[in-house]
Amino acid sequence: MRPVLSVTSECAPLVKTGGLADVAGALPAALAPQGWGMRTLLPGYGSVLKALRRPKTVAEFPDHFGGKARVLSGKASGLDILALDAPHLYDRPGTPYLDAGGIDHPDNPQRFAALGYAAAEIAKGALGDWTPEVVHCHDWQAGLAPYYLRNDKIGTVLTIHNIAFQGVAPAYLIDALRLDRSDFTQAGYEYWGQVSTLKAGLRYATRLTTVSPTYAEELTTPEFGMGLDGLLRAREGDLSGILNGIDTVTWDPANDPATVPYKTAKGKARAKKRLRKEFGLPETDGPLAVVVSRLSHQKGLDVLLDALPALIDRGGQLVVLGSGDRALEANLRKAADHPNVAVHIGYDEAMSHRIIAGGDAIIIPSRFEPCGLTQLYGLRYGTIPVVARTGGLVDTVIDASPMALRAGVATGLQFGPVTAHALATALLRLIALHRDPTTWARMQKNAMATEVGWDASAPAYAALYDEVAGA
Ligand code: ADP
């Protein structure tokens with residue numbers, strides 16, 4: 001096996017706030033058959049340290065961004081983990097990024113610089129008996145690793161999972177983050193007078209990827225590049241889009257302990273009945289639409305609320321599971337006064353399985369979406385995705401256009417732009433398709449047959465590592 005180090009702040013099932021964790025957690029198993037043995041470097045959060053089986057200290061850093069640190073090696077949930085055990089940085093309550101009160105940890109720049117620095121030290125031989133040929137960095141949290149390795153001959157890949165998060169830090173931290181002042185320029189890691197760790201990654205990594213071909217194109221435009229489009233245009237030849245897959249074992253309708261398993265779409269009826277019961281929804285003829293999502297502006301659920309009458313005035317129903325933006329949570333709760341709308345505010349993995357299994361359709365009205373995973377879960381479970389025409393949603397769902405329906409290949413619905421009017425129109429189309437049992441059954445069958453695992457993308461990453469390792 002050729003050695004590759006993955007550097008990430010989240011990795012399912014050990015620590016997760018979003019899709020990054022799913023992808024980081026799935027990559028090692030996807031890449032092993034390609035001949036790449038991946039070890040994953042994670043911050044030593046409590047949940048990570050607790051999960052490590054028989055951890056061994058494999059490196060020590062006496063002064064690591066304000067305290068002592070060591071690298072622990074061990075297996076956890078089948079993954080080969082390297083945990084950066086640095087209690088002064090990671091042993092605290094809250095999420096990986098926020099304190100218990102929901103505010104960013106004030107030393108996040110140091111916490112993740114420490115992760116990137118440890119990655120660079122490992123790449124330079126800190127473990128002694130294992131050095132990676134390639135360092136694969138994820139998002140801004142690992143963005144400084146390519147910078148710290150800028151003078152070494154080690155291939156690095158930076159994957160953009162979401163360009164909205166850019167790791168911006170005040171310039172007075174330059175020394176504390178162990179950055180060279182001479183690179184504090186527009187051509188370096190400087191970003192409008194501050195430090196951006198994502199920009200550093202985009203500037204210094206050997207190759208760049210993002211999680212879908214359409215998002216790779218979008219990122220080079222001012223509309224989606226969020227200030228980094230110029231740099232990405234300059235590096236267009238080094239940027240590619242590799243579609244995310246999902247873990248088809250955890251997400252398998254035929255074998256899902258969280259819900260009533262089913263092999264064909266017919267079997268969904270029981271899962272749907274149970275879901276309605278769980279949420280106290282009456283039996284109706286209309287489609288049961290579902291949402292599982294972070295509640296942030298990106299996800300466009302405010303637009304869904306505006307478009308909702310198109311669905312529920314015609315006997316449709318909605319179940320939402322999500323958490324995040326307080327105002328949106330409150331508005332969703334208000335919408336749940338309607339007998340055909342149910343909302344659960346919170347984060348609940350098992351419930352997300354029950355909801356996706358029990359729904360007829362899953363709605364994803366994102367304003368931008370690098371790849372999106374829940375539409376892939378939807379496809380796998382025969383839960384028809386209704387998606388905004390953006391990013392990875394474009395690449396994964398075949399719209400029920402007249403031609404696609406005639407060719408018998410449709411798997412979902414796309415709409416755009418992200419306005420209440422366009423979404424309402426899509427919901428009306430959904431209702432019409434749902435009323436036509438033959439067409440609906442065909443779409444469900446197509447959806448469930450869609451390849452949503454890693455079979456296509458794992459070789460693409462392997463080919464990229466190959467190039468980068470030799471570079
Ligand atoms: P993002 O990473 O932008 O949040 P993705 O669609 O790529 O969006 O990934 C989101 C992941 O988080 C999916 O695995 C989804 O099922 C999960 N998720 C989001 N919100 C919740 C929630 N409230 N409860 C359970 N799982 C959730």
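Across the interface of domain 1 and domain 2, six residue pairs turn up in polar contact, with both partners at pLDDT 80 or more. Of the elements, α7 brings the largest share, four residues. Sorted by class, the domain 1 side that touches domain 2 comes out as eight nonpolar, eight polar and three charged residues. All of this is read from a predicted model.

As for the layout of the chain, the domain assignment makes domain 1 out of two stretches, 2-245 and 455-469, while domain 2 covers 253-449. On the residue level, 19 residues from domain 1 and 18 residues from domain 2 take part in the contact. The C-alpha centres of the two domains sit 32 Å apart.

In terms of surface, domain 1 and domain 2 bury about 1,300 Å² between them, and carbon and sulfur atoms account for 61% of that area. On the domain 1 side, K16, T214 and L243 stand out: together they supply 27% of the area that domain 1 buries against domain 2, more than any other three residues.

K16 shows up again when it comes to charge. Its side chain meets that of E349 in a salt bridge, at 3.6 Å from N to O. The salt-bridge count between domain 1 and domain 2 is one.

How values were computed. Residues are numbered from 1 along each chain as its sequence is written. This is a predicted model: local features need pLDDT of at least 70, side-chain atom pairs count only at pLDDT 80 or more; totals for chains, interfaces and linings use all residues. Side-chain values use heavy atoms; hydrogens and water are left out. Domain bounds come from an automatic or database domain assignment. Contact means heavy atoms within 4.5 Å. Buried area is the accessible area (1.4 Å probe) that two parts lose on being put together, summed over both. A salt bridge is a side-chain nitrogen of Lys or Arg within 4 Å of a carboxyl oxygen of Asp or Glu. A polar contact is a pair of N or O atoms within 3.5 Å; within protein, one must be able to donate a hydrogen and the other to accept it, and residues adjacent in sequence count only if both atoms are side-chain atoms. Helices (H or I, at least four residues) and strands (E, at least two) are DSSP runs, numbered from the N terminus. Ala, Val, Leu, Ile, Met, Phe, Trp, Tyr, Cys and Pro count as nonpolar, Asp, Glu, Lys and Arg as charged, and the others, Gly among them, as polar.
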